[in-house]
Amino acid sequence: MDNGLTTPQRAAVEHFTGPLLIIAGPGSGKTRVITRRIARLVERGVDPRAILAITFTNRAAREMQHRVDALLPGARVWVSTFHRFCASVLRRRADVVGLDSNFTIFDKADQLQVIRHVLKELDMDAVRAQPSKISARISRIKNSFTEPDEFVRTLECRIGEPFDTLVAQVYPLYQSALLESNAVDFDDLLLHVVRLFADNPELRADYDMRYQFLLVDEYQDTNPAQYQLVRSLSVNVPNVCVTGDPDQSIYAWRGATIENILNFERDYPNAQLIRLEQNFRSTGLILRAADRLIAHNRQRKAKSLITDAQDGHAPRLLTFPDGRTEATGIADQVRTLREETGLRWSEIAVFYRVNSMSRELELGFARQRIPFQVAAGLAFYDRAEIKDLIAYLRVIDNPADQIAFLRIVNRPARGIGGKTQTHLQRWANERRVNLLEAARSADQIDGISKTARPKLKMFARMMEGLTLADYGNVSGLLTGIVNKTFFHRTWANVASEQAIEKEANVTELINAAAQYDELDEDDPSVTGFLETTALVNDGDLLDPSAGKVTLMTMHAAKGLEFPCVFVVGLEHGLIPHERAVKSDDPKQIEEERRLLFVGMTRAMQRLYLTTAQVRSVRGKPQLTIPSQFLVETEFESEDGVGFEPDDAQASPKRSAFTEKDLELRKRLKESLGSAERPLLTTGAGLLNGTHDAADLPQLFAIGMRVRHPQYGVGAVTNVTGFGRRKSVTVAFQEPSESHTFDAARCPLQPVGMR
DNA sequence: TGCCCGGTCGTTTTT
DNA sequence: CGACCGGGCA
């Protein structure tokens, strides 16, 4: 150690020019190293403005900016996210891709709206052609750098893909609709810039040389566009430093390619590789448990996790009868921890695999009166009233924005209904004018009723009176909108409690605008404010000092740490998620494992894993199967709840893992043995009788002996329904009780087949 | 125009 | 179970 840095850390900080790959395990002080490295570069005489640091999240960018500021007060190093960086480049050169510099950034909801419009135009049914599926497909096509015409052409070579045939119709229209609205979606933000750089070598070289030093965080999660971007900024001046951890790659499902980090040394042959393996975050047993788990991934460069820390508390497994008890139990445990160990609420976090699990936990925490915050739910900028106001700003800033126009033209209600809007759109599209101009000319539009015409004109006139110039700044403009539109009429007929909340949200938005106004006092711009609102996410609004327990998905937890962490629902079908299991793709299971690894390694001192024996899935209680990952790691189990071996014996040993725990692991393994079989069922398996009941529900017959991973052996007493509805009732021997299962998915295994 | 009913569907989601 | 969407009706 020197300067508080380990040898590899110091090497990373001191590395000067040329490509550098930092493989940084969890809690290895990565951010610290990057910020120190930036400071060191400046110390060596590098102009701070020649340094560009790119992260994925605003939160990470903010954090890094903060720490750089602390080391280099006043230095103008640019720390940005991929998307903000691209937005900034694109605003300067929007003309090249056919946009105006005040283009709007469409969010997910806007995209779906565009697709719905396109489907309507094509006279297609939005039920059969699911907008969200189409949107996802378009995103994937785009990210493989395939332009609409190209996609249409490739499709001609392989007829017979009904969905892609549909997408081939929608994609070109979707893209031109964006262009007509002077808008981009999140993908475009990156892809336009990639194209810009590819088509304009001198522009690319200009940016490449402007940023002499490029630092990229979380490189394992870059997608092809981001990869291309990094490459194009490091040709002339290949001083590129990327950091990441292949073991924490959890966004492959979104198009991230882990190969980007694995191939870095191939892409930059003279790259230096530095590994940060020492963990400064977690205590020994937590780290060991995580290490054990991740060691099960085969597609992996072996990496060790080292710590000087003491063993500390072993991870614990808590088992509960059902999800509700689990929620209450966790809340109880949280309270106990606070009372006994002095942990503060804000030092405790609960992670789950899917957002839908937050509800039960929220209820549990509310029941136990424990303060909590959820990093999801209805994000501030997703609320209807906020979206409406933002839409007003969007139309004011970019009158071509059709989606925003259609959102507000009748909000609050002013008698401009669907029919009127359709005629307005048709007329505007024919003449290639924007909807606001069309509204101004309402008198000339056929099909629009006499009553609607003056209303449209009044609306257009009102919008003309709402400009930034008239109000001076964005918050003033927002206030003007609220007043001129009699915005409170929007919620004229909602319950007063909700109305108060909506009112408060509006005030909050105006406050946010006021904050923005202060920041950019000399250069107020609606575009700028809209960009900040478009590029925030739920996690950004979390307050780490709120004095509350934090609930979030494991994905959202990446990059964070908490003294105490609960990972809930360690069940087959949840972690690993059903979809990964069903895909039969070992890569997807490995990603699930990495996800759990990320979750576990957030914990500094205490880690709890929980399972419920019954979990309601879509309203239906289902018996659960323990996650296979439990067998792959190490933990202590709670006394007296679930999975206790019958021959329980006192455990005098003070080693972290008792006989009981070993026994428990053995049992988990056994139960998994039967659980996993249906996934592997083959024709051969059917023939030699090793198949599982789950695959052939029709085989259940009254009197048949079956085995259940938790309830043991029993006999079928009743079979009702058929097909997917089929259910089986089984009387178990001990404890002598009966349970009814969904035949298609229960983990019942026939024993002693006749 | 807006409300209610019924049918459908259901990961994760840095931006 | 619950959110969301579209259709039908007041």
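Start by selecting Ser637: at 10% relative accessibility, this residue counts as buried. You are looking at a predicted model, so every stop on this tour is a feature of that prediction. Ser637 belongs to strand β16, which covers residues 636-637.

**Stop 1**

Now select residues 213-216, strand β6, and show the side chains. Phe213 and Leu215 point one way, Leu214 and Val216 point the other way, and all of these are buried. In a regular strand, side chains alternate between the two faces of the sheet.

Next, bring in the neighbours. Strand β2 (residues 51-55) runs parallel to β6 and is joined to it by four bridges.

**Stop 2: the cavities**

Rolling a probe the size of a water molecule over the atoms shows where empty space is left. Across the whole structure, a search finds two cavities of 30 Å³ or more. The largest cavity has a volume of about 50 Å³. Which residues line the largest cavity? Select Ile23, Asp245, Pro246, Asp247, Arg275, Lys301 and Lys303. This lining of the largest cavity divides into two nonpolar residues, no polar ones and five charged ones.

**Stop 3: salt bridges**

How many salt bridges are there to look through? The count comes to 42.

Begin with Arg44 and Glu14, whose closest N and O atoms are 3.3 Å apart in a salt bridge. Arg44 sits in the loop between α2 (30-43) and β2, while Glu14 is in helix α1 (residues 7-14), so this pair ties together parts that are 30 residues apart in sequence. Arg44 is partly exposed, with a relative accessible area of 30%, and Glu14 is partly exposed too, at 35%.

Then go to Arg137 and Asp164, a salt bridge with its closest N and O atoms 2.7 Å apart. The two residues come from helix α6 (residues 131-143) and helix α8 (residues 162-180) respectively, so the pair ties together parts that are 27 residues apart in sequence.

Lys457 is in helix α21 (residues 452-464) and Asp443 in the loop between α20 (435-440) and α21, so they tie together parts that are 14 residues apart in sequence. At 26% relative accessibility Lys457 counts as partly exposed, and at 42% Asp443 does as well.

To see a network, select Lys30, Asp217, Glu218, Asp221 and Lys558, which are linked by salt bridges.

**Stop 4: a hairpin**

Move on to strand β14 (residues 603-617) and strand β15 (residues 620-623), which run antiparallel and are joined by four bridges. Arg615 has Gln622 in β15 as its bridge partner. This hairpin has two residues between the strands, and Arg618 takes a positive phi near 50 degrees there.

**Stop 5: backbone details**

One runs from Arg411 to Pro412, with omega near -5 degrees; Pro412 is in the loop between α18 (402-408) and α19 (418-431). Another runs from Ile575 to Pro576, with omega near 0 degrees, and Pro576 lies in the loop between β13 (562-567) and α27 (578-583).

Asn182 has a phi near 50 degrees and is placed in the loop between α8 and β5 (183-185). With a relative accessible area of 5%, Asn182 is buried. Arg369 has a positive phi of about 55 degrees and is found in the loop between α16 (358-367) and β11 (372-374).

Key: Residues are numbered from 1 along each chain as its sequence is written. Chains are lettered from A and ligands numbered from 1 in the order in which they are written. This is a predicted model: local features need pLDDT of at least 70, side-chain atom pairs count only at pLDDT 80 or more; totals for chains, interfaces and linings use all residues. Side-chain values use heavy atoms; hydrogens and water are left out. Buried means under 20% relative accessible area, exposed over 50%, partly exposed in between (1.4 Å probe, protein chains only). Two strands pair if DSSP finds at least two bridges between them. On a 1 Å grid over the protein atoms alone, a cavity is a set of points where a 1.4 Å probe fits but cannot get out, and a pocket is an open set with protein on both sides within 12 Å along at least five of seven lines; lining residues have an atom within 4 Å of a point. Grid points are joined across faces, edges and corners, and a volume is the space filled by probe spheres set on the points. Ala, Val, Leu, Ile, Met, Phe, Trp, Tyr, Cys and Pro count as nonpolar, Asp, Glu, Lys and Arg as charged, and the others, Gly among them, as polar. A salt bridge is a side-chain nitrogen of Lys or Arg within 4 Å of a carboxyl oxygen of Asp or Glu.
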